[in-house]
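I set out to record what can be looked up in this structure.

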Amino acid sequence: MFTSTGSNGLYKAPLSKSLLLVPSAISILLTLLFQHYQKFFAYNLQAIKEDFQIWRLVCGRTICLDLKDTFCSSLLIYNFRIFERRYGSRKFSSFLLGAWMLSALFDLLLVEITQYIFGITINSLPSGFLGPVFALFVPFYSSIPRVQVTQVLGHFSITNKTLVYILGLQLLTSGSYIWILALSGLVSGICYNSSILKVHRILCVPSWVAKIFSWTLEPIFSSAEPTNEVRVGMGATVDIQRQQRMELLDRQIMMSQVAQMRRQRQQQGGMINWNRLFPPLRHRHNANYQDHRPTEQDTPPPTEVSEEQVARLMEMGFSRGDALEALRASNNDLNVATNFLLQH
């Protein structure tokens, strides 16, 4: 499935958009035009500990000085924008703030442990907003459903999460000591999500601060609501392109008629058979389908919905009724159902 990756992809994610644009722009300017200012954004641990230059924690842990790290972290933030849509900008910013502060503490702690055990003195670490980015892998692993897309050589599964993990691995191997940032980020993400430690109740963005930012910055970084138009990717063959268009049209039909389906369900007092109203295009075997519509006798029985998939959608915050509707409408395709619910 190919979708547009323009600004509409950041709809209801103004904080993610600002984290994509502002740090990336500063990083590019520092690399190409203002190299003499890069020293102010270096994550210099020696200067922090010995000279008490605390401001380096802010500058050094916000802007990447390596364009490869900028590119990988930007792609990861774009993929993790789903959490801002799900939780809201305030809760998402609270997670980033908590992970940023905790990972700063764990950075210093891991550096001291490394020096004590291995005798390695680390005076600086890679710069950038890397700790919170690695921390976002914790909710990504625990709350995003894993849906198999294909298999390689019959043994290795490719899922909807594989590309994100590859990006994380690429970022992990981009520097010699970036593993410290990755480990501190993962530990901070676990601590913030822990229901025992209750860190999220302490390290959070106050409501009045969130309101100020919503009044000032949200209008600048907000994106327009996406339309129903979806860009069709180029397939390797005509059959693949036709299959892509059929699947895209099938999804558009499902989205365009959701309001009508819910009204009919309320009137009938129960679930309705989505597949009877708009069967998937991939099951239509001829171009003259409109002239040969199936009768009630030919209608297949309602799709059986897996309770495990319903439970996974409910764990993501959706109601049982919406989860059942989405799964039946998408023929038990958990990935399509999740995307549909997140967009509505």
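The entries below follow the order in which I looked things up.

**Entry 1: annotated segments.** I note that the model is a predicted one. I consulted the UniProt record, an unreviewed entry, which places the feature "transmembrane region" at residues 20–37, 95–118, 124–142 and 163–187. I then checked two of these segments against the model. Residues 95–118 are 100% helix and 0% strand, with the end C-alpha atoms 32 Å apart. For residues 163–187 I found 80% helix and 0% strand, and here the end C-alpha atoms are 22 Å apart.

**Entry 2: nonpolar surface.** I looked for nonpolar side chains on the surface and found a patch formed by Ile 28, Leu 29, Leu 32, Leu 33, Phe 34, Tyr 37, Phe 40, Trp 55 and Leu 67. Together these residues have about 840 Å² of accessible area. Which helix gives the largest share of the patch? I find that helix H1, residues 14–32, supplies 3 residues, the largest share. I followed up Leu 67, which lies in helix H4 (residues 67–79). Its relative accessible area is 37%, and Leu 67 is therefore partly exposed.

**Entry 3: salt bridges.** I count 4 salt bridges in the model. In one of them, the side chains of Lys 49 and Glu 112 meet at 3.1 Å, N to O. This pair connects distant parts of the chain, since Lys 49 belongs to helix H2 (residues 45–50) and Glu 112 to helix H6 (residues 89–118), 63 residues apart. I checked the exposure of both partners. Lys 49 counts as partly exposed because its relative accessibility is 36%. Glu 112 is also partly exposed, at 37% relative accessibility.

Entry 4: I recorded a salt bridge between Asp 107 and Arg 61, whose closest N and O atoms are 3.4 Å apart. Asp 107 is in helix H6 and Arg 61 is in the loop between helix H3 (55–60) and H4, so the pair links distant parts of the chain, 46 residues apart. Are these two residues buried or exposed? I find Asp 107 buried, and Arg 61 likewise.

**Entry 5: Lys 68 and Asp 66.** I noted a further salt bridge, with the closest N and O atoms of Lys 68 and Asp 66 3.3 Å apart. Lys 68 has a relative accessible area of 47% and is partly exposed. Asp 66 is partly exposed as well, with a value of 26%.

How values were computed
Residues are numbered from 1 along each chain as its sequence is written. This is a predicted model: local features need pLDDT of at least 70, side-chain atom pairs count only at pLDDT 80 or more; totals for chains, interfaces and linings use all residues. Side-chain values use heavy atoms; hydrogens and water are left out. UniProt positions are given in the numbering used here, feature names are shortened, and annotations may be inferred rather than shown by experiment. Helices (H or I, at least four residues) and strands (E, at least two) are DSSP runs, numbered from the N terminus. Patches are made of residues with over 30% relative accessible area and no salt bridge: like charges are joined within 9 Å, nonpolar side chains (Val, Leu, Ile, Met, Phe, Trp, Tyr) within 5 Å. Accessible areas come from the Shrake-Rupley method with a 1.4 Å probe; for residues, only the protein chains shown count as cover. Buried means under 20% relative accessible area, exposed over 50%, partly exposed in between (1.4 Å probe, protein chains only).
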